Amino acid sequence: MATYKKRGYKPKAVKGKGDGIDGLGQDSTTAEVFNTLDEGANKAEDFVARNQKGIFVIIGLAAVIVLGYLGYDKFIAEPKGEEAMNEMYTAQKHFDEAVNAVSGKDSLYTLALEGSGGKYGMVEIVNEYGSTPAGNLANYYAGMAYLNTKDYTNAVKYLADFSTDDAVLGPLAKGGTGDAFAQLDQLPDALEEYEKAIAASSNGYTTPMYLFKAANVAQSLGQFDKALGYFKRIKSEFSDSDQAKNIDSFIGRAEASK
């Protein structure tokens with residue numbers, strides 16, 4: 001409760017040393033300030049008294065929201081993420097087998113997509129656990145499996161839904177999307193995705209690979225200066241890469257086409 005003087009108390013003005021030009025002294029000014037503060041404090045108290053039920057409801061709702069978020073994260077999101085990773089094991093195993101297989105790749109990629117032995121494939125994992133990290137990663141696997149089984153439209157669809165900051169997987173996803181667009185004869189889109197792959201990360205594996213692909217697509221689109229720039233970048237920055245072999249002949253062709 002406020003401890004200032006009661007409202008209505010007004011000390012008499014006494015002229016003296018320190019009086020202002022209006023004839024009121026310092027004591028009078030201080031009293032007026034106290035009166036103003038007292039009125040404000042009482043108004044605030046009155047407001048709380050009249051609305052305390054609503055205020056407590058708002059505070060309660062805020063607490064419920066915060067606790068609900070923390071509870072969802074701990075008791076729903078985390079277990080769901082672990083469940084998704086467990087479901088993904090078999091599908092990922094089929095994918096890895098397909099990558100390393102000498103023959104029968106298509107059937108293994110299909111198992112990775114559709115599942116086997118009562119376990120989900122990558123497509124079902126995306127559908128059931130899309131909000132989890134495993135569900136996100138399943139987009140990458142599904143997109144690459146579709147790319148390798150020549151279903152380029154679905155390859156684009158799933159790779160577009162994959163999100164990562166990883167220095168290798170990020171460029172591979174963008175580059176895989178570029179490969180799918182190239183197979184669909186959508187060369188401007190392919191070039192755009194290859195350039196995204198180049199920009200996503202600079203490393204000795206993905207960067208020269210997508211510089212080379214971007215250069216060839218740019219050349220097909222008549223963008224010879226761009227193609228030449230990409231070929232020269234391979235020569236100057238990635239001279240030890242596979243793409244740098246015979247790079248001078250590609251540079252020569254691009255220069256001759258200008």
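Tutor: Leu228 is buried, because its relative accessible area is 8% and the cut-off for buried is under 20%. Keep in mind as we go that this is a predicted model. Leu228 sits in helix α9, and beyond its neighbours within four places in sequence, Leu228 is in contact with Ile251, Ala254, Glu255 and Lys258. Leu228 and Phe250 are 22 residues apart in sequence, while their C-alpha atoms are 8.2 Å apart in space.

Lys226 and Glu195 meet through their side chains in a salt bridge, at 2.9 Å from N to O. Here too distant parts of the chain are linked: Lys226 belongs to helix α9 (residues 224-237) and Glu195 to helix α7 (residues 187-200), 31 residues apart. Lys226 is partly exposed, at 32% relative accessible area, and Glu195 is partly exposed as well, at 23%. Elsewhere, Glu192, Glu193 and Lys196 are linked in a network of salt bridges.

Lys213 and Asp179 meet at 3.0 Å, N to O, and they join helix α8 (residues 206-220) to helix α6 (residues 169-183), 34 residues apart. In that pair Lys213 is partly exposed at 27%, whereas Asp179 is buried at 18%. In the other pair, Lys245 and Asp242, the closest N and O atoms are 3.6 Å apart; Lys245 is exposed at 56%, and Asp242 is exposed at 58%. The count for the structure comes to 9 salt bridges.

Now back to the nonpolar side chains. Phe231 is among the residues with the most contacts inside the largest nonpolar core, which has 57 residues; Phe95, Met122 and Tyr140 are also among them. Helix α4 (residues 133-148) gives the largest share of this core, 9 residues. Leaving aside neighbours within four places in sequence, Met122 is in contact with residues including Met88, Ala91, Leu113, Ala138 and Tyr141.

The aromatic rings extend this picture. The structure holds 10 aromatic pairs. In one of them, Phe95 and Tyr141 have ring centres 4.8 Å apart and planes at 70°, so the pair is edge-to-face. Phe95 is in helix α1 (residues 26-100) and Tyr141 in helix α4, 46 residues apart. Phe95 is buried at 8%, and Tyr141 is buried at 10%. Phe95 and Tyr141 belong to one aromatic cluster together with Tyr109, Tyr140 and Phe162.

One word on confidence before you zoom in elsewhere. The chain averages a pLDDT of 81, and 69% of the residues score at least 70. Over residues 1-26 the pLDDT is below 50, and this stretch has 24 contacts beyond near neighbours in sequence. Residues 63-77 also stay under 50, with 4 contacts beyond four places in sequence. Where pLDDT is low, the predicted coordinates should not be read in detail.

Notes
Residues are numbered from 1 along each chain as its sequence is written. This is a predicted model: local features need pLDDT of at least 70, side-chain atom pairs count only at pLDDT 80 or more; totals for chains, interfaces and linings use all residues. Side-chain values use heavy atoms; hydrogens and water are left out. pLDDT is the predictor's confidence in each residue, from 0 to 100. Contact means heavy atoms within 4.5 Å. A salt bridge is a side-chain nitrogen of Lys or Arg within 4 Å of a carboxyl oxygen of Asp or Glu. Helices (H or I, at least four residues) and strands (E, at least two) are DSSP runs, numbered from the N terminus. Buried means under 20% relative accessible area, exposed over 50%, partly exposed in between (1.4 Å probe, protein chains only). A nonpolar core is a set of buried Ala, Val, Leu, Ile, Met, Phe, Trp, Tyr and Cys residues joined through side-chain atoms within 4.5 Å. Rings of Phe, Tyr and Trp (its six-membered ring) pair if their centres lie within 6.5 Å; planes under 30 degrees apart count as stacked, over 60 as edge-to-face and the rest as tilted.
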